[in-house]
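User: Please help me read this model, and tell me what stands behind the words used for its parts.

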Amino acid sequence: EKQHSYMNFLERIPQTLRHEISNPLNKLRTSLENLLDHQPELARDKYIQKIDAGIDQISRITIHLTEAASLEGAIKEEQLSKLDLIEFLEGYLYAWDGRVEQAQWDKAPAYILADSSRLEQLFDKLLDNAVSFCPENGKVRVQVAHQIDRIAVIIENDGPLLPTESTSELFSPMVSTRSSGSSIHLGLGLHIAKLISDQHKATLTGKNRDDGSGVIFSLEFDLL
């Protein structure tokens with residue numbers, strides 16, 4: 001019973017943190033907006049801009065924490081159904097046209113057990129991660145590799161390397177995996193991706209390219 005109570009406490013932490021942080025955060029945001037209304041010339045001040053960016057960053061962190069906690073509970077109740085992964089990818093990647101290079105692959109159906117909305121969420125996290133770390137003139141590339149009873153979706157990006165290829169560390173929450181890029185990175189996106197891949201009984205791994213030019217994430221599904 002004590003263990004059950006403790007686990008419930010842990011599950012409530014992200015929501016509690018978001019609630020407790022949101023109140024002072026809203027006061028800061030309102031105060032900053034009021035200040036700029038009275039002194040609009042301060043909008044160009046670099047310290048004011050840093051405060052504004054810091055408020056946004058804290059807000060995003062609390063949202064990501066809540067998203068991860070809510071997801072863990074929700075996916076336990078969800079049922080997977082038969083889905084053609086190739087058809088899904090063809091439609092999904094259309095939205096990434098211009099930002100992601102799509103390799104040519106076999107268009108024959110490849111059926112897996114999946115939830116399409118969760119798959120979209122999973123690939124959003126992986127591609128957001130790849131695009132944010134990819135330098136301006138670099139490339140993000142998606143390809144599909146067929147095996148006898150499995151199918152792998154491989155996402156590569158040019159850019160900084162992973163400090164570790166250990167799965168337990170790479171997909172742990174609140175662990176930043178790389179030190180550069182255009183966005184904040186707390187490991188929460190990859191943690192969410194791992195939760196969804198586990199739900200689909202898929203294997204998600206990340207490694208550095210042999211030539212040190214970038215990173216490769218691989219997601220393998222069992223075929224039906």
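User: Which residue in β4 is the bridge partner of E101?

Analyst: R141 is the bridge partner of E101 in β4. Residues are numbered from 1 along each chain as its sequence is written. This is a predicted model, in which local features need pLDDT of at least 70 and side-chain atom pairs count only at pLDDT 80 or more, while totals for chains, interfaces and linings use all residues; side-chain values use heavy atoms, without hydrogens and water.

User: What makes β2 and β4 a pair?

Analyst: Two strands pair if DSSP finds at least two bridges between them. β2 and β4 (residues 140-146) have two bridges, in the parallel sense, so they meet that cut-off. β4 and β5 meet it as well, because seven bridges join them. These two run antiparallel, with A145 standing opposite A152 in β5. A hairpin of three residues leads from β4 to β5.

User: Why are β2 and β6 called edge strands?

Analyst: The sheet is open and has five strands, in the order β2-β4-β5-β7-β6, with mixed pairing. β2 (101-102) and β6 (203-208) each pair on one side only. In general, strands of a sheet pair through backbone hydrogen bonds, either parallel or antiparallel.

User: How many helices and strands does the protein have, and what counts as one?

Analyst: There are six helices and seven strands. Both are DSSP runs numbered from the N terminus: a helix is H or I with at least four residues, a strand is E with at least two. α6 (residues 188-199) has 12 residues, so it passes the helix cut-off.

User: Why is S197 called buried?

Analyst: Buried means under 20% relative accessible area (exposed is over 50%, partly exposed in between, with a 1.4 Å probe and protein chains only). S197 has 0%, so it is buried. S197 sits in helix α6, where 10 of the 12 residues are buried. Leaving aside neighbours within four places in sequence, S197 is in contact (heavy atoms within 4.5 Å) with L122, A202, L204 and L219.

User: What describes the packing of α4 on α6?

Analyst: Two packed helices are described by the angle between their axes and the distance between the axes. Axes are lines fitted to C-alpha atoms, for helices over the stretch in contact, and angles run from 0 to 180 degrees between N-to-C directions. The axes of α4 (residues 116-133) and α6 come within 9 Å and cross at roughly 145°. Among the residues in contact are L122 and L126 of α4, and I192 and I196 of α6.

User: Which helices touch the sheet?

Analyst: Helix α3 (residues 85-92) packs on the sheet, touching β2, β4, β5 (150-158) and β7 (214-222), and its direction makes about 25° with that of β5. α4 lies across β4, β5, β6 and β7, also at about 25° to β5.

How values were computed
Expected span 1.5 Å × (residues − 1).
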